[in-house]
Amino acid sequence: MSLLVVGLSHRSAPVSVLERAALSADAQGKLLQDAVAAEPSAEAAVLATCNRIELYADVDKFHAGVAELSTLLARHSDVGLDELTPYLYVHYEDRAVHHLFSVACGLDSMVVGEGQILGQLKDALARAQDQHTAGRLLNDLFQQALRVGKRAHSETGIDRAGQSLVSFGLEQLTAGEPVADWAAGKKALVVGAGSMSSLAAATLARAGVAEIVVANRTPDRARRLVEILTDPAGTGVAARAVAMDAVPHELARVDIAVSCTGATGVVLGAGTVADALAAAPAAAPDAAPDAAPVQHSLRAPDGSLVARLAAAAARDGRIPDAAATETAAGISAADSGCPVGLAPAGATSAAPAPVPTGAEAMGLHGTWVDNGSTLDRPAPGSEPAGRTVTQTATRPRVHTAPVRLALLDLAMPRDIDADVHRIDGVRLVDIESLAEVAGAPADAAGAGPMAADVDQVRVIVADEVAAFGAAQRAARITPTVVALRTMASGVVESEINRLRGRLPDLDDREQAEITQAVRRVVDKLLHAPTVRVKQLAGEPGGAGYADALRTLFDLDPQTVAAVSRADGDDNDVQNRGRS
């Protein structure tokens, strides 16, 4: 049997694919059971995080194993095999070990050096143990990966260089301002109470937020997190737990919201966010800028994407008809050219038109903004049927309003509708935007002050991979050596019994002396070969020595297999105790 890993991560696949391929806890359990039920696999473990999905297995055939594991990943995700295959990577034997050890040290993380992966590795092992899909190999592998990760963080500066994904996300929200200065005195909403959400809450508390509201589908978990946050021995921040149905109301009260749940659908839609902003107290206006933003007057060509989207939406009755009210700037909401009747930024209306807040309407409005376009649409009731009046409105391509709500989405699949970034006053950072920011530095080998730490961790990984491989190869021959000694002991016992039958006059002392002498001879004959074969088996290509022993001494394969099973059961019990 040999170690095989098939997976995809932020390095191999776009976030849109990772989002669709994300596995729920139930799906991971079913995947594990199907993996060990498949013919090539004897053991299986799944490592699923916000930016990677990997299936580890002990297989007896490489090509059959790759095909089966790839098929299983596609079957249990929302991505077809043909679409998924280009994004998959495969590691085998020592390369698979090297990959997992690198992951454990944070070298393969979106934020190099982050330590949260160790907890995720421990969870993956515990899940495989609970499902009884982790045997000796995967127990040994994941336990050693945890030790290697801890060693890397304790012996190098990678721990200082690395950040959690939460810290990295908050830094992107602040747009260059120190997180502590930016967060001080703000109110925060944390949706979810798992490991990532708990880390987010703790990070926000340390940053100095005034209050944290925790919402979770399981109220007990939310209350438990609040107890930890409010403990004077901990952060001591003001915190309270609320039900999930209170999230829209709480969203209108806070300045920051972080979401990381296991939901398969959107938790915070564009409409919910828009409603929260509308219900929230208006922020004090910033000082007038020295120069007004440059306005770009662009017109959507006939048949363009925006024009077609608006026409289809209007035809289906999905867009409310905003009142054609003249604005102080001389542009009405209806005449602005926006397909959903929203006025341009900076325009004020004497009688504001109703603002559509549905996710689809916000999406159409955002598409119009992103294209800097206006539509050809008649003023209500002013033109005969079949006639179109060309109207032009201008709108800046960037938000001009101050940020009133900062959103951090750390879930995979996403919790927050991506269209919310098009709402004035909202700043959204999600896994996709973090991947774009982190991609270049993370891949730039030797760049930055952490290069020496990264190189040192790579040396540790290489050494640990070599040691693990040698130990595993030596362990593979142990059942054969045990079976050989068992066979030799049986031969000695058989010959002593035969001698007793031929020399019945021997007393007990003489029989004991003869038995001990024969056993010493056999032990001395076997000692040097068995010690040497274990040493040779630890070297690359040493697996053939076990086959040679089995062939030369005609060892019973069932005896060897029985020793292997017993050894695996003992290791499983020991590893469960340590975890």
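Visitor: Quick one: arginine 422 and aspartate 419, buried or exposed?
Guide: Arginine 422 is buried, and aspartate 419 is buried as well. Buried means under 20% relative accessible area, exposed over 50%, partly exposed in between (1.4 Å probe, protein chains only). This is a predicted model: local features need pLDDT of at least 70, side-chain atom pairs count only at pLDDT 80 or more, and totals for chains, interfaces and linings use all residues. Residues are numbered from 1 along each chain as its sequence is written, and side-chain values use heavy atoms, with hydrogens and water left out.

Visitor: What joins the side chains of arginine 422 and aspartate 419?
Guide: A salt bridge, at 2.8 Å from N to O. The term stands for a side-chain nitrogen of Lys or Arg within 4 Å of a carboxyl oxygen of Asp or Glu.

Visitor: How many salt bridges does the structure hold?
Guide: The count is 21. Side chains of opposite charge can pair when their charged atoms come close.

Visitor: Which residue pairs with arginine 136?
Guide: Aspartate 140 does, with the closest N and O atoms 3.8 Å apart. Both sit in helix 7 (residues 136–155), 4 residues apart, about one turn of the helix. Helices (H or I, at least four residues) and strands (E, at least two) are DSSP runs, numbered from the N terminus. Arginine 136 counts as buried because its relative accessible area is 19%. Aspartate 140 is buried too, at 15%.

Visitor: And arginine 253, what does it bridge to?
Guide: Glutamate 211, the closest N and O atoms being 3.7 Å apart. That pair links distant parts of the chain, 42 residues apart. Arginine 253 is in the loop between helix 13 (247–251) and strand 8 (256–259), while glutamate 211 is in strand 6 (residues 211–215). Arginine 253 is partly exposed, at 30% relative accessibility. Glutamate 211 is buried, at 14%.

Visitor: Which residues are linked in a network of salt bridges?
Guide: Arg11, Arg52, Glu54 and Asp108.

Visitor: Switching to cysteines. How many disulfides does a search find?
Guide: The whole structure has 0 disulfides. Cysteine 50 is in none, and its nearest cysteine sulfur belongs to cysteine 260. A disulfide is a pair of cysteine sulfur atoms within 2.5 Å.
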